[in-house]
Amino acid sequence: MEGVSEAGGDSGAAASGDAPGRSRRPPALTTDTARPEGGGRAAAGGAPAPARQWPLLTVLGLAALGLLVVGTDLFPQAFRIGTILVGVALLTGAGLRRALPSVGMLAVRSRFTDMVTYGVMGGLIVLLALMVQPAPWLRIPFLEDILHLTIT
């Protein structure tokens, strides 16, 4: 028998001091994923669930408000302002991910990856909302030139 000494015990466990049948080697098949950095509770464990997840609820609330503004279309620039709110929600997520040590379920990947993802996507959404036609609030001349070169 392999792994059993002549004395009848498990030689690997006896030599390393581990429990019988346990190895310090990583498993060949991964069965779980590591918790993201900062993925713990944002409030004490005794607090109600919404209080523990306040960073995620803040971001989702801002995004929902933006979608509500776009969906109701109550005023002339509702589309632009609602879209800016969605972008600001993502930028807020990037800021919370940077500033807080623990953000609950807002942590999806590593801190750096979350910050870059939320920041780039939020920034692009805000930029595009500012440039939407008609009557954009932000004009970038070289982008207009590139557009005219590709169409004509």
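**View 1. Arg-111 sits in helix H5, residues 111-131.** Helices here are DSSP runs of H or I with at least four residues, strands are E runs of at least two, and both are numbered from the N terminus. This is a predicted model: local features need pLDDT of at least 70, side-chain atom pairs count only at pLDDT 80 or more, and totals for chains, interfaces and linings use all residues. Residues are numbered from 1 along each chain as its sequence is written, and side-chain values use heavy atoms, with hydrogens and water left out. Is Arg-111 buried or exposed? Arg-111 is buried, with a relative accessible area of 16%; the cut-offs are under 20% for buried, over 50% for exposed and partly exposed in between, using a 1.4 Å probe and protein chains only. Its side chain reaches the backbone oxygen of Arg-97 at 2.6 Å, and a polar atom of the Arg-111 side chain lies 2.9 Å from the backbone oxygen of Leu-100.

**View 2. Ten residues make up the largest nonpolar core.** The members are Leu-56, Val-59, Ala-63, Ala-89, Ala-94, Leu-96, Val-103, Leu-106, Ala-107 and Tyr-118. In soluble globular proteins, nonpolar side chains tend to be buried together.

**View 3. Leu-96 and its contacts.** Setting aside neighbours within four places in sequence, Leu-96 is in contact with Trp-54, Pro-55, Val-59, Val-103 and Leu-106. Contact here means heavy atoms within 4.5 Å.

**View 4. The largest pocket has a volume of about 180 Å³.** Which residues line this pocket? They are Met-131, Gln-133, Pro-136, Leu-138, Arg-139, Ile-140, Leu-143, Glu-144 and Leu-147. Helix H6 (residues 141-151) gives the most to the lining, with three residues. By class, the lining has six nonpolar, one polar and two charged residues.
For the method, a pocket is an open set of points on a 1 Å grid over the protein atoms alone, where a 1.4 Å probe fits, with protein on both sides within 12 Å along at least five of seven lines; lining residues have an atom within 4 Å of a point.

View 5. The bond from Gln-133 to Pro-134 is cis, with omega near -5 degrees, and Pro-134 belongs to the loop between H5 and H6. Ala-135 is also placed in the loop between H5 and H6. Phi of Ala-135 is near 55 degrees, a positive value in a residue other than glycine. Ala-135 is exposed, at 53% relative accessible area. Most residues other than glycine have a negative phi, and most peptide bonds are trans.

**View 6. Asp-73 has a positive phi, near 50 degrees.** Find Asp-73 in the loop between H3 and H4. At 51% relative accessibility, Asp-73 counts as exposed.

Technical notes. Core = buried A, V, L, I, M, F, W, Y, C linked by side-chain atoms within 4.5 Å. Points joined across faces, edges and corners; volume = space filled by probe spheres on them. Nonpolar A, V, L, I, M, F, W, Y, C, P; charged D, E, K, R; others polar. Polar contact = N/O pair within 3.5 Å; in protein donor to acceptor, adjacent residues only side chain to side chain.
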